[in-house]
Amino acid sequence: MKAISKYLLAAVLSLCLITGCDEGFDDINTNKVDPTSLAPSLILNKAIISTTYLDGVSTLGMLTYNFGIVQQIITPYGSSLSGGNYNQFNNANTPLVWVNFYRNVIKQVVAVTDQTKDDPMQANIYHAARIWKAYAFMILTDTYGDIPYFEAGQGYISEVIRPKYDPQEAIYKDILKELDEASGALDAAQPAVTTDILYGGNVAKWKKLGYSLMLRAAMRLTKVDQTTAKTYVTKAVAGGLFESNADNSIIRHTAIYNNYIANHLAAREKTNFYLAAPFVNYLKENNDPRLAVMAVRYVGAKGGPEQVAARASSDPKLQIGMPMGYNDVTINTVLAQNGVASLWDFTQVNLTTVLKLDAPEFHITYAQNQLLLAEAAVRGWVSGTAATYFANGVRAHLEQMALYDPSAAIKEDVIQAYLKTHPLDASKALDQINTQYWVASFLDGNELFANFRRSGFPALKKNPYPGSEIKEDFIRRMPYPDSEIIVNLQNVNDANTRQGPNDLNTRVWWDKK
């Protein structure tokens, strides 16, 4: 058979030499179905999706650190679930934002800006990508501090495989510049990019997103550079912010394309994570109608198999948050005093409302904007009254509940009653505003962690877990991944020299005492 094959091949080659076999060769050997390149608008969509639609392990990283640090969602379990619940370093979970963002989001969004920067017909894609790049880098630098920024994502483009780490101050100043330029340059006269996953090519909404993100970035600097903060807050307001919940930046999900936190908690982690007592108690003590939307308790459950619908209750009076500072063994010593039958009897996030499988995820919201404006008004940086912005922000988040599910909608008379009994008190305005921001950012782990460090509110007590590995009351940042230490050691060392030790205690530039 081998000999016959050789003779046949030789015959074909001889025939090709005589008659020429290159006629139509390119057409025959070109796959007209599989693409060889993607439209930049579709790559931008992938970057946007990658920012929020994380894999299960990445979701676990946010659950174990961000939510535990700000005391909204907690687990009593250790091992792979240790993190903010124990105030301990878990090398498996601290790198996950870094790994996902640099391998996916940053690579994709930098590719889009590189492909579109010189093409006038794709100017809006270019500027939208600049806005999203600013958002992604804010999350990265807020999480780790000094990071690769100016040289990041250049591996395939310029063969920069060991990017230098830039100081966070320089990163923030460039983020603000980028948002200012990109938001102003978006042109509604250009044809709409209807494949846009966020706004369907609505340039006016992208502009509002850019200026709303600028407001957030500017307010990050309140401890370190109030002059720059005020300048860009003013620019953001003049440019035009979100005007209602209809402008919110949202990733929408379906029964097929799931909300991954919801998927994670509905499956492998269903019995492991609980609403923390500080969060539940705040909502209960203030008769907050959002508690009935966000929470569920499987009353009397003595094990995971007993967390069934027949036991489920969202009655605010019955909700009991899990106390901070216990593991799955020591928690058994405080069950009676908390009025629960077991650790499985504590309140959890409601998987039929805010974390049903098709629940949306929010990036930046009108409610958050209004609360930031309330703080800016307290500081004298914007016109209007802090009390009005505060009420608008609280109302917006109460109304936002309906976006999770029609059954989660809070009635207008209930909203009015809550606002009437919870006006802004000028004597403790910053506390009230940022505590409401804590509630309004529920399930947005990155923003929760950042604004808690930035503002110092809510005034949470230190997690009393006895095995804590931190020097201060709260974790301040995530350490750099081991992979960076292995392949980019000199630049990591330069960042550590400038910023401080590579551990949970080191504060990022804008997080001053």
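Mentor: In the second largest cavity, α7 and α10 each supply at least two residues of the lining; helices here are DSSP runs of H or I with at least four residues, numbered from the N terminus. This is a predicted model, where local features need pLDDT of at least 70, side-chain atom pairs count only at pLDDT 80 or more, and totals for chains, interfaces and linings use all residues. Residues are numbered from 1 along each chain as its sequence is written, and side-chain values use heavy atoms, with hydrogens and water left out.

Trainee: Which helix gives the most to that lining of the second largest cavity?
Mentor: That is α7, with three residues, and the residues that line the second largest cavity include N124, I125 and A128.

Trainee: And what volume has the largest cavity?
Mentor: The largest cavity has about 330 Å³, and E361, F362, L443, D444 and G445 lie nearest its centre among the 31 residues that line it.

Trainee: Switching to α11, which of its residues are buried?
Mentor: In α11, the buried residues are T228, A229, Y232, V233 and A236, where buried means under 20% relative accessible area and exposed over 50%, with partly exposed in between, using a 1.4 Å probe and protein chains only. Seen down the axis of α11, these buried residues fall within an arc of 130 degrees, so they line one face of the helix.

Trainee: What's exposed on the other side of α11?
Mentor: On that other side, T227 and A238 are exposed, and just after α11 comes G240, with a positive phi of about 115 degrees.

Terms used: Arc of directions from axis to C-beta. 1 Å grid on protein atoms, 1.4 Å probe; cavity = no way out; pocket = protein on both sides within 12 Å on 5 of 7 lines; lining within 4 Å. Points joined across faces, edges and corners; volume = space filled by probe spheres on them.
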